[in-house]
Amino acid sequence: MQKTFIYILGLSLCSTALRAQETVYPAKPQQGLVFLKNATIHVGNGQVIQNGTIGFNNGKIMAVGANVAIPADDVKVFDVNGQHVYPGLIAPESNLGLTEVESVRATNDYEEVGEINPSVRSIVSYNTDSKVIATLRTNGILLAHVVPQGGLVTGSSSVVQLDAWNWEDAAYKTDNGIHFFMPRLMPRANPFGGAAAGPATDAVKEAMEKVASVKSFLRAAQAYNTAAQHAEVNLKYAAVKGLFDKSQKLFIHADLVKELIVAADFAKELDIDVVIVGGTDAWMITDVLKKYNIPVILSQPHSLPVMADDDVDQPYKTPAQLQKAGVLFCISNEGFWQQRNLPFNAGTAGAYGMTKEEALSSVTLNAAKILGIDDKTGSLEVGKDANIVVSTGDILDMKSSVITRAYIQGREVSLEDKHKQLYERYKYKYDLK
Amino acid sequence: MKSNPLTAGITPAQGKKHRRFLITRLRYRSVFGVVGCLLAGFAANAQQTWPVNGVAEPRESCYAFTHATIVRDAQNTLKDATLVIRDGKITAVGAGAAIPKDAVVIDCKGKFIYPSFVDIYSDYGMPAAQPRTFGGRGGGAAPQMLSNTKGPYGWNQAIKSEVNAVQVFSADESKAKSLREQGFGVVLSHQQDGIARGTGVLVSLASERENMTILREKVSAHYSFEKGSSTQDYPSSLMGSIALLRQQYLDAQWYKGNPAKEGVNLSLQSWNDNQGLLQVFDAGDKWNVLRADKIGDEFGVQYVIKAGGNEYQRIPEMAATKATFILPLNYPQAMDVEDPNDARFVALADMKHWELTPTEAGSFEKANIPFCLTTAELKDTKSFLANLRKAIEYGLSEEKALDALTKTPATLLKAYDRIGSLDAGKLANFIITSGPVFQENTVFFQNWVQGNRYVLKNEGWQDLRGSYTITLSNAGSVPVEIKGTPASLSLVNKDTIPGKIDVEGQLVKIVINTKKDNSQQIRLSGVISQQAGVSKWSGSGTDEKGQPLTWEAVLSKPFVAKADSAKKKETPQYGKIYFPFSGYGYETLPTQQDVLIRNATVWTNEKEGKLEGADVLVRNGKIAQVGKNLAAGNAKVIDGTGKHLTPGILDEHSHIAISRGVNEGTQSVTSEVRIADVVNPDDVNIYRQLSGGVTSSHLLHGSANTIGGQSQLIKLRWGANAEDLKFKNWDGFIKFALGENVKQSNWGDRQRVRFPQTRMGVEQVLADAFTRAKDYEKAGPNKRRDLELDALVEILNKKRFITCHSYVQSEINMLLKAGDKYGFQVSTFTHILEGYKVADKMKAHGAGASTFADWWAYKMEVVDAIPQNATIMQRVGLTVAINSDDAEMARRLNQEAAKSVKYGGMQEEDALKMVTLNPATLLHVSDRIGSIKTGKDADLVLWSDHPLSIYAKAEKTMVDGTIYFDRDQDLQLRKRISEERNRLIGKMLGEKKKGAPMGRPVPSREEIYHCEDLQAGHQHHIMDDVYQQ
């Protein structure tokens, strides 16, 4: 007996019941096989499969291709009817879950005091009940890299998946990186007048002293971590142990050329894996980044040029320049609620010199590679987690991207969010359909 | 009292006979000379009422300066003439001027005499500048609402019209000396502090008691836009300074009627008293010049305007002010651009400004704009003459330079009868130089002020150069030649082996090398004496072997200057001026052209909807025809195949192109301030936004207070000046604001003083303001005109319209009700993130909405913001716009509009209208822009793709038929930027090699404003880190 259930997506959407956010539940683990057929499958690695099918089981992708046989068994099959299927998008730098209302101090948990705080862990204050999270899922963002701020060495970050009961459930890769926010290496004018006069103190010199303090901290930590026993435990040194066995990466937040050169020097001198976060001016020194294999989590293309003389579309075309130079990079978006615009930042990169599939990789597979989770996600390939998004049109273009379905580890996640609920509430008020 | 060293022991008759001797002696007495002369002058002008300690020594000092080239003024020069002075005044000037018997005669053969200079903009002798405070007070301090000045003065601490420089003046010898060294004899000094600065005093630089140096007490009244040491909050912005000045004129006028309610107000009293004086405005920047002049025009005042150095960039506008200018000569330092990564931070505009600043005075002269020169703004007064010579090198004529330092300021000060030229009856203020005053090697020997001699340099007074024969007592004679400049001599012997000569006063030291390797030297020491007009040198010394000798030297042949020996300086080369003065500026402004866009997808925003394969003809800046297969005629044809043509984008909520402050948030009601006063045409964001298809922007005051300032709609005519950017014949609008910003919720714990602190209080601010406005309107004809209330009355009379920053439904509802009660209508609720909750009420009121596409969660009042807001409001029937409030997002407004298609399922054409036609409707200009219709302004964008798509790029952006942005042209501009930067970096490095002082390569700060000071809504900018304060 054919037990296959065939769903037409449009219908399932209409059946979505109106529920308050508090009753939007995290999904239960995947039960049974699921297939999405008649899909335009964007694998995430540049490949596109027309009229394809993707199947997943126990949270893992089991088949992807144009000719995937759907077993006549107890499976759910969704005919997506030409819609586009993508890997779940990854927000590679965010304070999501660490803040709820930016101006309300009580809701802010992303910025600790002190200059060197490597033992601080973002994961423990990641709030799975943030109302913001659901609004990202509904734009296809299924994973986020949650980064602590404040001071120079701000702590360790973790990758979370966006459908969870608590932070332990959410943890996708824990403490994957240590973050260093490099001070600006830019000469600056005396704030008390006389642009050309220069202040009594040299801001660049001061900044370099801070950089040196971080480097000497890391050297001391390196030495500390080579010994097995310590009379007294140093939590800060212990927190960066993973840098030296390369189980962790050092994420250096830096934008200007000099900062990037100094960041590259960390990688060389300490023999650790360095990732640039920001990298606004990375397009100017792609050779150095390539030479030392330093990837970049690029600041959002939707930014103003740094200097008045810069090309007016410089931030838009930076991704294409990095792509062309062969630097591994992904595209980020600032903040927390703003992450829902991540796909459109990639879309802009697609308009300014990259192919659409390259642009897609820059918010999926490349992000996974840089965060060290590409063994599990980032592309729609057999064996990886079934982190999947279905969209009516091009997910990178706001004109056409409406997300109709999303899976995290094979679990079909709710696409309800606070905004849709308020929308329904006031459509009801005004008798709008 | 010490006797005069010049005349001691010599009768006048002897004086004449021994004049050469005397002069030489004077020079020899260089160590004591300055002090001696000082005292000499003092004695001559001793005051009657002052007791003398010792024996009185009354004397009339009379001097005759003979055989000089006397430059009476820039136009008249007398050769071999005599200047006679007595008792501090000139008594005769002329070739045949009689030399009085009692005159001390000073032979000035070969020398030049000029009138001493006048500096019309000085703070000489004023109390030390008060510590400058930024924003009025330290960060986080509680606000100061009123003046801290004690006494019967006005309410605003920056209005110091009661200050009289004469009362705080105290002579400052070291400053006077530095000015005299640069040739100055008289300055107009005032206290450079505040927006109204009181009166200036005309003083001479003689080092005498103040009683004698003050030439006139109240000569001028001074103004600026800088609040200086005032610690009061208001004004915090440039537009606030402008409003304050305007209100002062009105208040002072009103005060003339001795209004009982005002009592005695000495600030207003002095303001009125000072109106008859010379009115001087420190503008300090090209656009501020125009802003100051506009205030002057409004109140019938023609200011003399002190410039800032960048006025050369807008010479026609400067000329149109009809003002006389005061030009400082402070040139920016070259910046150390050696490090290429640092060089990146220096804007091309800053480099070009560095190169072009020395052209300022020359370009004023060329344009026939009258001006004076000043030492003001120089870091070191000593650089004045060098900088002036540079100005001359860059095109200023010497004649004009002299005028600008003498006759022009003297005439302005109505003191040309006393200073400014060398004529009988005027003060004996003159300089004696070695040659033409502005020539590079000219030495300033003496500056006489009120008949007091100040020796600036002795060396070279007498030219000792020439061929000499030195007769040695034991070894025959050696011919030598003394060369160099009069002030710096060198010596060679007959074999052209260099030796050495040092003259100090009358004493001379000579070293003659007889061998090339300097191994054999004759060393001589002696005195130079003048006998009967002949210079005789004699003394003792040692020969090559160390044996003693005596010697004498006589001039065998005097020095003859070689004609044209001075190297001709190369004419300086410099780049072109850009309009506006930005890397992306034009060398010549683009012009309107007739254009036919052929075969495009045309989004008309009219009932015709979207036309495929249509043509649009543009003539004379207007849309002439829309249709298919139109005849081009003379119009330039642009192929639109595969492209989309839309009306230009109008950003309903923008803060670009605003100078120095978007908020005058220091009071809860500031309807008197106007963005129109502070439009900044140089903002590169104008160009960047053109590249995103924006053609008009509504520039709003910020949201720091309930009733903010008046807004300004502009068209993005990149390159035009502020007036020409403005949208012509536009209904005025004004910004209101509600909620967290106006109640200062996020301003820190100390900002809990200003009313209101709650939404309850906000209603009362409105109630109070409109009640006062109504009472004001009813008041009789002699009421005090109040700019704040004038604007509110305009609102009540439907002459000015409200754009209100608002978020939550309660406050929106409150404003609607307040409008009903006081009789005003709200045109546009802006931000209005909870508009969807009260859209029906807004509709009933007749209000429109201008919102963000998808912002939320950045503060408490936006937690219920939803991206379907625009859709709901539109479906309820409101006119809805999407705005940016952000210089970055404004470049993607078409995509922001597209988000309503995504989140709310809005029709595409309706979505596009939200950034074109709908904001035009909200701003009452939909009859002229916002759709593609015959007769409307040709503000058009040609897109590479569907205009709502992320992949669409604006290829050409046109305003009034002029293409201001074009991708191909943009590529050329980039190339030009790169080449011009490279050239200027090379030039700056050249300066570094020459050893010029270098500044740090710092970025100039871009002014980027938003309503929201919080980060979340706006993209982080690298410069935010650098300029956090």
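**A walk through two chains**

Let's start in chain B, where strand E38 (residues 848–851) runs parallel to strand E39(B), and three bridges join them. Strands here are DSSP runs marked E of at least two residues, while helices are runs marked H or I of at least four, numbered from the N terminus; two strands pair if DSSP finds at least two bridges between them. The model is predicted, so to speak of local features pLDDT must be at least 70, side-chain atom pairs count only at pLDDT 80 or more, and totals for chains, interfaces and linings use all residues. Residues are numbered from 1 along each chain as its sequence is written, and chains are lettered from A and ligands numbered from 1 in the order in which they are written.

Look along E39(B) and you will find B:Ala881, the bridge partner of B:Ser850. Both strands belong to an open sheet of six strands with mixed pairing, in the order E33-E35-E36-E37-E38-E39 of chain B. Its edge strands, E33 (707–710) and E39 (880–882) of chain B, each pair on one side only.

Now move to strand E12 (residues 325–328) of chain B. In a regular strand, side chains alternate between the two faces of the sheet. In E12(B), B:Phe325 and B:Leu327 point one way, B:Ile326 and B:Pro328 point the other, and all are buried (20 or more other C-beta atoms, placed from the backbone, lie within 10 Å of the residue's own).

Next come two helices of chain B: H12 (residues 348–356) and H27 (residues 967–993) pack with their axes 10 Å apart, at an angle of about 50°. Axes are lines fitted to C-alpha atoms, for helices over the stretch in contact, and angles run from 0 to 180 degrees between N-to-C directions. H12(B) and H27(B) are therefore oblique to each other (angles under 35 degrees count as roughly parallel, over 145 as roughly antiparallel, 65 to 115 as roughly perpendicular and the rest as oblique).

Finally, see where the chains meet: 51 residues from chain A and 68 residues from chain B take part in the contact (C-beta atoms, placed from the backbone, within 7 Å). On the side of chain A that touches chain B, H10(A) gives the largest share, five residues.

Methods
Buried ≥ 20, exposed ≤ 12 C-beta atoms within 10 Å, placed from the backbone. Contact = placed C-beta atoms within 7 Å.
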